[in-house]
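Please open the model in your viewer and keep the selection tool at hand. The tour below moves from one selection to the next and says what is found at each stop.

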2 protein chains.
Amino acid sequence: MSDTPTTVTQLLSDIRDVGRDSQRGGYSRFAYATAELELREWFVAEATRRSMDVETDRNGAIWAWRPGPGGSLDQAVVTGSHLDSVPGGGEFDGPLGVASALAAVDLLDARGVVVDRPLALVAFPEEEGGRFGLACLGSQLMTGAVHPDRALGLRDAEGISLAEALTRAGLDPTRIGRDNEAVGRIGSFVELHVEQGRGLIDLGHPVAIGSSILGHGRWRLTVTGEGNHAGATLMADRRDPMVAAAMIVVAVRDSARVTKDARATVGRIQPVPGGTNVIASRVEIWLDVRHPDDSVTAGLVSTILERAQVAAAAEGCEVTLVEESYSGSVSFDGTLRDRLATVLPEAPILDTGAGHDAGVLAEVVPTAMLFTRNPTGVSHSPYEQIDDADAESGAKALADVLQDLLSTADDQVG
Amino acid sequence: MSDTPTTVTQLLSDIRDVGRDSQRGGYSRFAYATAELELREWFVAEATRRSMDVETDRNGAIWAWRPGPGGSLDQAVVTGSHLDSVPGGGEFDGPLGVASALAAVDLLDARGVVVDRPLALVAFPEEEGGRFGLACLGSQLMTGAVHPDRALGLRDAEGISLAEALTRAGLDPTRIGRDNEAVGRIGSFVELHVEQGRGLIDLGHPVAIGSSILGHGRWRLTVTGEGNHAGATLMADRRDPMVAAAMIVVAVRDSARVTKDARATVGRIQPVPGGTNVIASRVEIWLDVRHPDDSVTAGLVSTILERAQVAAAAEGCEVTLVEESYSGSVSFDGTLRDRLATVLPEAPILDTGAGHDAGVLAEVVPTAMLFTRNPTGVSHSPYEQIDDADAESGAKALADVLQDLLSTADDQVG
C-alpha cells in the first residue's frame, strides 16, 4: 500500500505501441479486436497488481473491485472509461480515463486512505461505435437503453456479427442485455476523459468538471438526380446530385455557424454508383448535429432541410432526410457536480459536445465527469495530445474526488 | 445465305437477362466475370451460326471471320464493339454494336453481296474499365498503347489481378501485349454504338456518323485540413476539408458551364477517415474533364485548380492536383468519314464525349463510328434506351457501309 504511485505517463507508455494504425496514422483499437483485447489484458494485469478483484460482466465491461467494509459491493464509487478508439484515433481518448483511475488507486493507497465504501474501476466496450457503429454499446446494453436484439443484429465492416465477436472473445452473446445487478451496485460514477475541444486551453486550467453533454443526433440526407455519362452529357442537360450535395454540405456549415453553440458536420458522403466517369444518380450525406438545447437542434435540422430542398431543386434533384439516431442533451447530477466543485474549487465547469458512457449512466445513477486538458484541442485524430504534467494533475484530481466520495458515510449522493 | 435476317431486337432479347444488377439497377457485366463470359459465349455461338471462323486473340478480343477471296484475311473490313458494362449500366452500351454487326451480316447475306475483301466482327474486353479501372484495356493492349506490365499490375475491387482473371478465363497472361498481326489485318474499322447524349434527339435522326472523340482526362484533387471531433470542435475552430471540397465540386461545375463544349464532373469523392462523427482530415476528389480542344481542357483544369486553391485557403486547408490519365482528342479518318457520308447522305455528323475502342484504333488504322439514337439521352445508367425501329435503322446503315467498304477494290481507304 505504500509503494511509490505509478504515474499516468508510465502506465500509458506501456501501451503506446498497441493498435497503431500505419495506414490512417494514430491508433485503431476496435472493440474485441486484437489491440483492444491486448489493452483489456493490460487493464486486468494492472488491476490485479493492485489487489483488485477482476470480473467481466455479461455485456463485456471489465470491473476491478476493492470491496467496502465487510466485503460489500453496494453503493460503490465507480470510475473508469473505455479502451477502444475510432479508426485512426488518438492515444488518450478512453485509455487516459482508465490509466488515471489506476494511478488514482495508487495515490489513495499512498495516502493510506481508509474507505467506507467499495471502489470499482471499469472499462466499457465499444464506446466509440468504431467497430459495430453504435456508440456506448456496452453501457447502453447494461442500462437497457439498447435492446440485445438490436445489438446482435450489428455487423462490423468485414461482416462479422457482434455475436461472433463476443463468442470469439469468450463471452456468451445470449446473456447480453440489461444488467440490474451491475447497475444496482453503482453509488456514483465519475469518468475522467481527455478534453475533446479547446475549453481548458482557453481557460488556462489543466482539469475541468463536466456540466453536461450536448444533445446529439445523426441524420441521413439522400439527394436523387439523374445518373448519366460524364463525357457525353452536356452541362446544361444535367441533374447532378453531387453538385446539389456539395451545396448542402456548405449550407450545413453556414447554418451551424450562425446558430450559437451549435456544431454540424458532414464527415461521410457517398455518391452512387461512385464512378469517376459517371454522373451520380444519388448521393448519401450523413449529418451530425449537436447543441445543448434539443429544440435548437431540431430547428437547425429543419433549417438545413429547407436549404437542402432549395439546393436540390436548383439542380433538378430531390432530397429526403431521415433521422438515424438522437440522444437528448444530458445534464450531470447537480449534487454530485457541486461536491466535485467543493473538492476541486479551481476547476472550471465545462460542457462537452462528445458522447460518453457517462452520459448513458447519468440516466440511471448520479454521474460526473472530469476533463484533462488537451493542448492541441484536436480529438478523434492522431494529433490528440496530453502533457505529462496535466495527466498527473488529472489523476490527482480524480484521487481527491474518489477520496471524498469513498470516505464520507453521510453524504447525499448515491 | 437467304434466311430471313435476324433483327437487332431479336438478338438483344436473347441476352436481356444476362448480368442484371438487382442492387444498382441496370446491368453489371464486368470483363471476364460470369455475365460477360456468358455474352462472349453468345457472340461465339451467333457468329458460328453465320458460318464465321471464331478466334480469341492474345489480348482477349474475340474475332469472327469471313475470309476474303482466296481465304485472305488482309485489308479486312472490321466492325464490332464491346460486351462489358459500367457498374449498374444500361443494356445497349457495347452489345448494341455487336448485335448490329451480327444483324448487318444477315442483311449482307440476304442481299447476296459478293465481297472483294475479308470481313471480321470483333468484341473487345474491358472497354469500360469497370473491373480493372483502365478503359479500352483490350484495344490498348493490342495497339501497344498500354504496356503489359502496367496491365498485369491492375486488380479489381476484390483484389483479383488481371493475370488471375485471364488465367481463369483460359487465357495466357504472359502473352498479352502489342499484336502487330491482329492490327495489321485491319483495313478499316467501323464501330456502331448507342449515342450517349442528346444529339440525335435534337436533330431528329436515327443514325449519325462520328467525327471525333473529345479529349478526356482524369485528375485527383486532394484537400487536406484538420481531422477533429464532430461534437467537441467549435465551428470557428475548424479547418474542415469537406467544406472546401464541397466548394470545389461547385466550382468544377461552374467553371465547365462557362466553357463552351466542356464537360467536367465529380462522380467520386472520399473523405478520410469517413466517420459520421469525425471532421475529415482529408478529402479525395476525382475529376473528369473533356473538351474537343486539348488546350481548352488544360486551361479549364488550371482554372479549376485556381478556384480550388481559393476555396481551400478560405477554410484553412490545402489542395493538390495530380493528373491520373489523359487522352487527347481523336479525329476520325476524314477520307473514311466522307465515304460513310456518301453512303448515308442524311446522317448528321456528331462528335462524342465518350471514349471508345474506335478512338484507340483511330491512332493506327482508318476508323469510323456510327451512333444510334438513344431516346432518353441517358448513358452509363439503367435509363439508357433504344427504340426497336432505330436499332434496325442502325443495323441497315452499318450494312450499307460494310457493303460499300467490302465491295470496292479500288478505294483509297485501308
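Helices in this tour (H or I, at least four residues) and strands (E, at least two) are DSSP runs, numbered from the N terminus, and an axis is a line fitted to C-alpha atoms, for helices over the stretch in contact, with angles running from 0 to 180 degrees between N-to-C directions. This is a predicted model, in which local features need pLDDT of at least 70 and side-chain atom pairs count only at pLDDT 80 or more, while totals for chains, interfaces and linings use all residues. Residues are numbered from 1 along each chain as its sequence is written, chains are lettered from A and ligands numbered from 1 in the order in which they are written, and side-chain values use heavy atoms, with hydrogens and water left out.

**Stop 1: a helix pair in chain B**

Select residues 241–257 of chain B, which form helix α9, together with residues 294–314 of chain B, which form helix α10; their axes come within 9 Å and cross at roughly 150°. That angle makes α9(B) roughly antiparallel to α10(B), where angles under 35 degrees count as roughly parallel, over 145 as roughly antiparallel, 65 to 115 as roughly perpendicular and the rest as oblique. The crossing of α9(B) and α10(B) is right-handed, that is, the near helix is turned clockwise from the far one by less than a right angle.

Now show the side chains in contact (heavy atoms within 4.5 Å). On α9(B) these include A244(B), M247(B), I248(B) and A251(B), and on α10(B) they include L300(B), T303(B), I304(B) and R307(B). The residues of this contact of α9(B) with α10(B) divide into 11 nonpolar, 2 polar and 2 charged; here Ala, Val, Leu, Ile, Met, Phe, Trp, Tyr, Cys and Pro count as nonpolar, Asp, Glu, Lys and Arg as charged, and the others, Gly among them, as polar.

**Stop 2: the two chains together**

Display both chains, and note that a rotation of 180° with 0.0 Å of shift along its axis superposes chain A on chain B, with an RMSD of 0.0 Å. That is the relation of a two-fold axis, the copies being superposed by least squares on the C-alpha atoms of residues with pLDDT of at least 70 in both. To find the axis from chain A, centre on A246(A), whose C-alpha comes closest to it of the residues of that chain, at 2.1 Å. The same surface serves both copies, since 100% of the contact residues of chain A recur in chain B.

**Stop 3: the domains of chain A**

Colour residues 8–213 + 329–407 of chain A as domain 1 and residues 216–327 as domain 2, bounds that come from an automatic or database domain assignment. The centres of these two domains of chain A, taken over C-alpha atoms, are separated by 34 Å, and 6 residues of domain 1 are in contact with 7 residues of domain 2.

**Stop 4: two partners of one helix**

Select helix α13 (residues 388–407) of chain A with helix α11 (residues 334–343) of chain A, which pack at an angle of about 120° with their axes 10 Å apart. That makes α11(A) oblique to α13(A), and their crossing is right-handed. L336(A), R339(A), L340(A) and V343(A) of α11(A) make the contact with D400(A), V401(A), D404(A) and L405(A) of α13(A).

The residues of the contact of α3(A) with α13(A) divide into 12 nonpolar, 2 polar and 3 charged.

**Stop 5: backbone details**

Finally, zoom in on the peptide bond from V272(A) to P273(A), which is cis, with omega near 5°; P273(A) lies in the loop between β9 (263–272) and β10 (278–279) of chain A. In chain B, select E126(B), a residue other than glycine with a positive phi, near 55°, in the loop between β4 (119–124) and α4 (137–143) of chain B.
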